[in-house]
Amino acid sequence: MTAATAQTLPADWRDFFALTKPRVMSLVIFTGLCGMLAAPGQINPVIGFTAILCIALGAGGAAALNQWWEADLDAGMTRTSKRPIPAGRMQRNDARDFGIVLSISSVLVMGLGVGWLAASILLVSILYYAVVYTIWLKPRTPQNIVIGGGAGAFPPMIGWVAVTGDITLMPVLLFSIIFMWTPPHFWALALFIKSDYAKVGIPMMPVVSGQASTRKQILVYSILLMPVAAAPWFIGGTGAIYGVCAIVLSFIFLGLSFPVAIRRSEDGDAMKPEKRLFAFSIIYLFALFGILVADRVATQLGLIV
Amino acid sequence: MTPEELAEFRRRQKSRNLALGGLLVFFALLFYAITIVRMGD
């Protein structure tokens with residue numbers, strides 16, 4: 001089959017699914033669900049399911065719009081060149097339309113089924129990722145991840161607001177945890193794939209400011225992450241189970257950031273400390289939010305005060 | 001379009017139609033469930 005014929009064929013449904021970045025979505029669904037389960041109050045399971053579905057659809061829509069806009073850049077990077085648009089399995093405009101439909105429908109269903117405050121935050125998160133991050137900041141500033149990382153921080157806040165119907169300090173703290181976590185998580189990745197970003201001209205921190213500055217900033221954010229992660233316990237929003245685990249996990253995070261901060265890589269470097277930090281950062285977030293829910297359940301059962 | 005390409009075209013068309021149909025049925029059921037829950041509020 002020629003490339004031209006492949007372009008005229010209708011895209012497979014699996015390619016539409018791939019556009020939604022399912023692996024990223026799994027983290028979005030998990031943090032959104034944890035935000036919902038950790039919130040004080042009750043939510044009907046059908047409404048709760050609808051809220052999580054809308055968070056997932058919104059994230060998928062934003063991811064599709066991101067791939068529509070960045071199709072040319074994706075084609076130039078090894079990690080992303082097999083995506084549906086650069087690989088020639090899908091028309092670019094199909095991805096755009098799919099992204100718009102997913103985004104609009106997720107906000108409308110959230111508004112009608114769950115509540116308009118949660119829907120408004122969902123809309124902001126989609127615009128934040130698709131416009132502020134993808135179109136505006138990513139190609140312009142090495143701080144793109146810091147500010148744009150806020151987009152990924154919205155799901156637990158949306159999950160919380162879906163239950164309570166208002167914004168208090170706790171959902172803002174959950175937002176702040178992911179906001180602080182994103183730079184060291186992403187820069188660890190950018191350090192060992194920086195050649196790809198340099199090739200397509202994306203001003204990622206290691207490309208623009210160099211390794212030394214990036215490594216120092218990873219450490220700074222890892223230090224800042226610790227009090228933010230423990231803050232829900234300090235303000236009395238969670239019990240000791242969460243507080244102690246948050247501090248222990250944050251110390252491990254800091255411990256893994258330290259070797260990344262003090263070393264310099266050379267050609268042919270296996271980049272093991274960076275890969276270790278990146279891998280742990282994913283475990284860290286899953287564990288932290290999982291423990292947040294466990295703490296809430298333990299409090300409800302009267303196991304802790 | 002060669003017969004092989006036509007067969008592939010039909011296969012993809014069918015799989016997309018099935019996926020879309022399934023999605024529509026799912027949302028119809030979801031809206032029904034949301035309506036029932038909201039009526040009880």
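**Conventions.** Axes are lines fitted to C-alpha atoms, for helices over the stretch in contact, and angles run from 0 to 180 degrees between N-to-C directions. The model shown is predicted, so that local features need pLDDT of at least 70 and side-chain atom pairs count only at pLDDT 80 or more, while totals for chains, interfaces and linings use all residues. Residues are numbered from 1 along each chain as its sequence is written, and chains are lettered from A and ligands numbered from 1 in the order in which they are written.

**View 1. Packing of helix H7 (residues 116-137) against H9 in chain A.** Helices are DSSP runs of H or I with at least four residues, numbered from the N terminus. The axes of H7(A) and H9(A) come within 9 Å and cross at roughly 170°, and the two helices are therefore roughly antiparallel to each other (angles over 145 degrees count as such). Leu117(A), Ala118(A), Ile121(A), Leu122(A) and Ser125(A) of H7(A) meet Phe154(A), Met157(A), Ile158(A), Val161(A) and Ala162(A) of H9(A), where contact requires C-beta atoms, placed from the backbone, to lie within 7 Å. By class, this contact has nine nonpolar, one polar and no charged residues (Ala, Val, Leu, Ile, Met, Phe, Trp, Tyr, Cys and Pro count as nonpolar, Asp, Glu, Lys and Arg as charged, and the others, Gly among them, as polar).

**View 2. Surroundings of Leu122(A).** Not counting residues up to four places away in sequence, Leu122(A) touches Cys54(A), Ile55(A), Gly58(A), Ser106(A), Val107(A), Met110(A) and Ile158(A).

**View 3. The largest nonpolar core.** Such a core is a set of buried Ala, Val, Leu, Ile, Met, Phe, Trp, Tyr and Cys residues joined through C-beta atoms within 7 Å, a residue being buried if 20 or more other C-beta atoms lie within 10 Å of its own. The largest has 96 residues, and those with the most contacts inside it are Ala118(A), Leu122(A) and Leu288(A). Helix H10 (residues 169-192) of chain A gives the most to this core, namely 15 residues.

Technical notes. A residue is buried if 20 or more other C-beta atoms lie within 10 Å of its own, exposed if 12 or fewer, and partly exposed in between; C-beta atoms are placed from the backbone. Two residues are in contact if their C-beta atoms, placed from the backbone, lie within 7 Å. Angles under 35 degrees count as roughly parallel, over 145 as roughly antiparallel, 65 to 115 as roughly perpendicular and the rest as oblique.
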